[in-house]
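Take a moment with the sequence and the model below. Then follow the text from one feature to the next.

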Amino acid sequence: QVQPVESGGGLVQAGGSLRLSCAASGRSFRAYDMGWFRQAPGKEREFVTAINWSGGSTYYADSVKGRFTISRDNVKNTVYLQMNNLKPEDTGVYYCNAISTWPTGHSDYWGQGTQVTVSS
């Protein structure tokens, strides 16, 4: 079981950048595909992006293609989300999770998330 701890969120102006980190405990981290999800106020949680266990394959929601980049470091047990050209609609709580079914399925364990707020 991967237990993620997200960090790196904050307040940024539209057009700005943030880099989120997800430190995951568990010796089997490198065996898991991992993903980022987000939840905007009053909305359902939605898929953002996923990366396979080796980092060789990635998948993005259309809304973030060309702006967000997911990566991972299996030595540090960490997944990253580089977010560029942020938009107000990117505002929400961002969560990291293991991918149960490629590319958008997720496990039932959620961390506390990290808040991203993009001002216009």
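**A walk through the model**

The structure holds 1 disulfide, meaning a pair of cysteine sulfur atoms within 2.5 Å. C22 and C96 form this link, with 2.2 Å from S to S. The angle about the S-S bond is -75°, and the link is left-handed. C22 sits in strand β3 and C96 in strand β9, so the bond ties together parts that are 74 residues apart in sequence. Strands (E, at least two residues) and helices (H or I, at least four) are DSSP runs, numbered from the N terminus.

Are these cysteines buried or exposed? C22 is buried, at 0% relative accessibility. C96 is also buried, at 0%. Buried means under 20% relative accessible area, exposed means over 50%, and partly exposed lies in between (1.4 Å probe, protein chains only).

A word on the source. This is a predicted model, in which local features need pLDDT of at least 70 and side-chain atom pairs count only at pLDDT 80 or more, while totals for chains, interfaces and linings use all residues. Residues are numbered from 1 along each chain as its sequence is written, and side-chain values use heavy atoms, leaving out hydrogens and water.

Now go to the core. A nonpolar core is a set of buried Ala, Val, Leu, Ile, Met, Phe, Trp, Tyr and Cys residues joined through side-chain atoms within 4.5 Å. The largest one has 29 residues. Which of them touch the most other members? They are M34, W36, F68, V79, L81, M83 and Y94. Several strands give two or more residues to this core, including β3 (18–25), β4 (34–39), β8 (78–83) and β9 (92–98).

Look at L81. Contact means heavy atoms within 4.5 Å. Leaving aside neighbours within four places in sequence, L81 is in contact with L18, R19, L20, W36, T49, F68, T69, I70 and Y94.

Next, the loops. G15 is in the loop between β2 (10–13) and β3. G15 is partly exposed, at 46% relative accessible area. Beyond residues up to four places away in sequence, G15 touches N85 and L86. G15 and S119 are 104 residues apart in sequence, yet 9.4 Å apart in space, C-alpha to C-alpha.

N85 lies in the loop between β8 and β9. N85 is partly exposed too, at 43%.

Finally, the backbone. Most residues other than glycine have a negative phi, and most peptide bonds are trans. N85 has a positive phi of about 50°. N77, in the loop between β7 and β8, has a positive phi of about 55°. The peptide bond from W102 to P103 is cis, with omega near 0°. P103 is in the loop between β9 and β10.
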